[in-house]
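Here is a short briefing on one chain. Look over the sequence and the model before reading on.

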Amino acid sequence: MTSLPIDPPARLLMGPGPVDADPRVLRAMSAAMVGQFDPAMTGYMNETQELYRRVFGTRNEATVLVDGTSRAGIEAALVSLVRPGERVLVPVFGRFGHLLAEIAGRAGAEVHTIETEWGQVFPPSVLDDALARVRPHLIALVQGDTSTTMNQPLEEVGALAAKHGALFYTDATASLGGNPFEADAWGVDAASAGLQKCLSGPPGSAPLTLSERAVAVVRSRARIEAGLREATDVDASHGDFVRSNYFDLGMILDYWGPRRLNHHTEATSMLYAARECARVLLDEGRDAVVERHRVAGSAMLAGVLGLGLEVFGDVAHKMNNVVAVEIPAGVNGDAVRGELLADYGIEIGTSFGPLHGRVWRIGTMGYNARRDAVITTLAALEQVLRRAGVPVKHGGGVDAAVEVFAGAGA
Ligand SMILES: Cc1ncc(COP(=O)(O)O)c(C=O)c1O
């Protein structure tokens, strides 16, 4: 059987991610391979660590990439930081909170969840009470849950966790870059992310950072593989080592650190991508990128409201980079998405579980947090909705969005 070379259709990806990668990132990915211990490669690795320290807002030495999609970063953090039988508290406000609970459970944790209605976030007092009641080893909390579009405030969570003797892990996959994130100032012990949302890259690499407290836990579970081990290396006592080989952050740190102990072969092209994603972001400036997402997200929000549509959830706590739009009664949400794709090459998303078929999720992320992308999407949506019989306001979406951009000087 013969097959054709890859030639994907032209798309404007305005869903909850992945979004279009920045052309700089795609170019970086096509650079030549070098060996994994070539000084050029180890130099790129060191640079990538420093770049992601700046992206995460941290001085954590232990800032690395985990190879795999964002879920690999989550799994590495939880399986490495939590021993079987330890208590983990997971406040769930959407699908990805359930994912943290699922992964912590598979790591053998005694998982305690608290839940709030989808479309809401947790006030600090509720987290404080739950920490006091559960007394967990670790609290695992999503920052931006793309399933509901909510952005959980994290500013106080690190201090609350520390007060109750817990480590604080957060999944910043969907939010990092497009919303404020300050690992050190917020007392975050571990955070992981992905490239395919506000970082303008492809899925497949998970930047991760660990505080010294988190590193101490990982180190206490150390194990070095036979064949690499030296006489002075000792395994964690009582066989307390991390149950996953691939996601053992101790071994990953030994590979990224001065010992350069071989673990996996770093995914070279993904490292190039991750490095360029961070460079793209930092060249523009961390605050400027958040502001660009804020403006584009506000314009999209104003645009869908201007069309006469309704928005799901507590908009005051919405992530900058995605909005959930209620599908009007009687409208087939999947048919509208299909027409946007077929006629305009524009992708928007649906959601999961209770929100599947109830909302569309429209992203303004990374490279696509742009005026032209927002306006094009709103113009196309207006046409498709009109054809579907929805009484949208003529030009109401584009006009409202243009006004927001004008107000922001964009
Ligand atoms: C908040 C959050 N966490 C985790 C994931 C899983 O990411 P991945 O599909 O890259 O493994 C996603 C993907 O949408 C997400 O939005």
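Which residue just after H11 takes a positive phi? That residue is Gly345, with a phi of about 70 degrees. This is a predicted model: local features need pLDDT of at least 70, side-chain atom pairs count only at pLDDT 80 or more, and totals for chains, interfaces and linings use all residues. Residues are numbered from 1 along each chain as its sequence is written. Helices (H or I, at least four residues) and strands (E, at least two) are DSSP runs, numbered from the N terminus.

**Helix H11**
- Helix H11 covers residues 333-344, which makes 12 residues.
- From first C-alpha to last, H11 reaches 16 Å, close to the expected 16 Å; the expected span is 1.5 Å times one less than the number of residues.
- Gly333, Val336 and Leu340 are the buried residues of H11 (buried: 20 or more other C-beta atoms within 10 Å of the residue's own; exposed: 12 or fewer; partly exposed: in between; C-beta atoms placed from the backbone).
- Seen down the axis of H11, these buried residues fall within an arc of 65 degrees, so they line one face of the helix; the arc is that of the directions from the helix axis to the C-beta atoms.
- An α-helix has 3.6 residues a turn, so residues three or four places apart point the same way.
- Ala335, Gly338 and Ala342 are exposed on the other side of H11.
- Strand E12 (346-347), strand E13 (359-363) and helix H12 (371-387) are what the buried residues of H11 pack against (contact: C-beta atoms, placed from the backbone, within 7 Å).

**The seven-stranded sheet**
- Seven strands form an open sheet with mixed pairing, in the order E2-E10-E9-E8-E5-E3-E4 (strands pair if DSSP finds at least two bridges between them).
- At the edges are strand E2 (62-67) and strand E4 (110-115), each pairing on one side only.
- Neighbouring strands are turned by 20 degrees against each other on average, direction ignored; axes are lines fitted to C-alpha atoms, for helices over the stretch in contact, and angles run from 0 to 180 degrees between N-to-C directions.
- Strands E8 (residues 167-171) and E9 (residues 190-192) run parallel, joined by three bridges.
- Asp171 has Ser192 in E9 as its bridge partner.

**Helices on the sheet**
- Helix H4 (residues 95-106) lies across E3, E4, E5 and E8, at about 165 degrees to E3.
- Helix H9 (residues 268-284) packs on the sheet and touches E2 and E10, making about 65 degrees with E10.

**Domains**
- The chain is divided into domain 1 (21-282) and domain 2 (286-407); these bounds come from an automatic or database domain assignment.
- Taken over C-alpha atoms, the domain centres are separated by 30 Å.
- Domain 1 gives 26 residues to the contact and domain 2 gives 25 residues.

Notes
Two residues are in contact if their C-beta atoms, placed from the backbone, lie within 7 Å.
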